[in-house]
Amino acid sequence: QVHLVETGGGLVQPGGSLRLSCAASGSNVRLNTMAWYRQAPGKQREFVAFITSGGNTNYTESVKGRFTIFRNNAKNSVYLQMTSLNPEDTAVYYCNLPKTPGPWGQGTQVTVSS
């Protein structure tokens with residue numbers, strides 16, 4: 001069973017950047033589509049971005065041009081580079097396998113505030 005650990009969140013000012021990391025064990029990141037999700041206070045968890053085993057990526061409209069998903073196969077990890085952050089990006093961010101979801105990790109809190 002896959003085990004996912006998200007790190008890299010924090011408090012950042014509007015316009016700032018963060019890089020989130022997702023370390024996966026029990027599943028080979030290279031062979032699977034991996035995705036990032038987020039859940040803002042009082043809202044449902046939503047899709048943010050995915051990367052396929054072939055390297056194709058897709059993003060939700062609100063983060064296109066600002067976020068980049070990529071992976072490091074050697075570290076069995078997936079990352080989310082976030083730039084031009086705004087308060088609407090404030091949420092707990094999670095990673096998972098969209099096709100064969102595993103248990104959700106604890107997530108990593110991203111807070112965008114001045």
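**Figure 1. The disulfide of this predicted model.** Search the whole structure and you find one disulfide. Its partners are C22 and C95, with their sulfur atoms 1.9 Å apart. C22 sits in strand β3 (residues 18–25) and C95 in strand β9 (residues 91–96), so the pair ties together parts that are 73 residues apart in sequence. A disulfide, by the way, is a covalent bond between the sulfur atoms of two cysteines.

**Figure 2. A closer look at the S-S bond of C22 and C95.** The torsion about this bond is about 65°, so the disulfide is right-handed. Are C22 and C95 buried or exposed? Both of them are buried.

**Figure 3. T52 and the residues it touches.** You'll find T52 in the loop between β5 (46–51) and β6 (57–59). T52 has 17% relative accessibility, and because buried means under 20%, T52 counts as buried. Leaving aside residues up to four places away in sequence, T52 touches N32, T33 and R71. What about A91, 39 residues from T52 along the chain? The C-alpha atoms of T52 and A91 are 24 Å apart.

**Figure 4. The strands of the protein chain.** Count up the secondary structure and you get ten strands and zero helices. The chain's radius of gyration is 13 Å, close to the 13 Å that the globule rule gives for 114 residues, so the chain is as compact as a globular protein of that length. Of those 114 residues, 45% count as buried. Among contacts between residues at least 6 apart in sequence, 52% join residues at least 24 apart.

Terms used: Residues numbered from 1 in each chain as written. Predicted model: local features only at pLDDT ≥ 70, side-chain atom pairs only at ≥ 80, totals over all residues. Heavy atoms only, no water. Disulfide = S-S within 2.5 Å. Helix = DSSP H or I, 4+ residues; strand = E, 2+ residues; numbered from the N terminus. Buried < 20%, exposed > 50% of the residue type's maximum accessible area, 1.4 Å probe, protein only. Contact = heavy atoms within 4.5 Å. Rg over C-alpha atoms; globule rule 2.2 N^0.38 Å.
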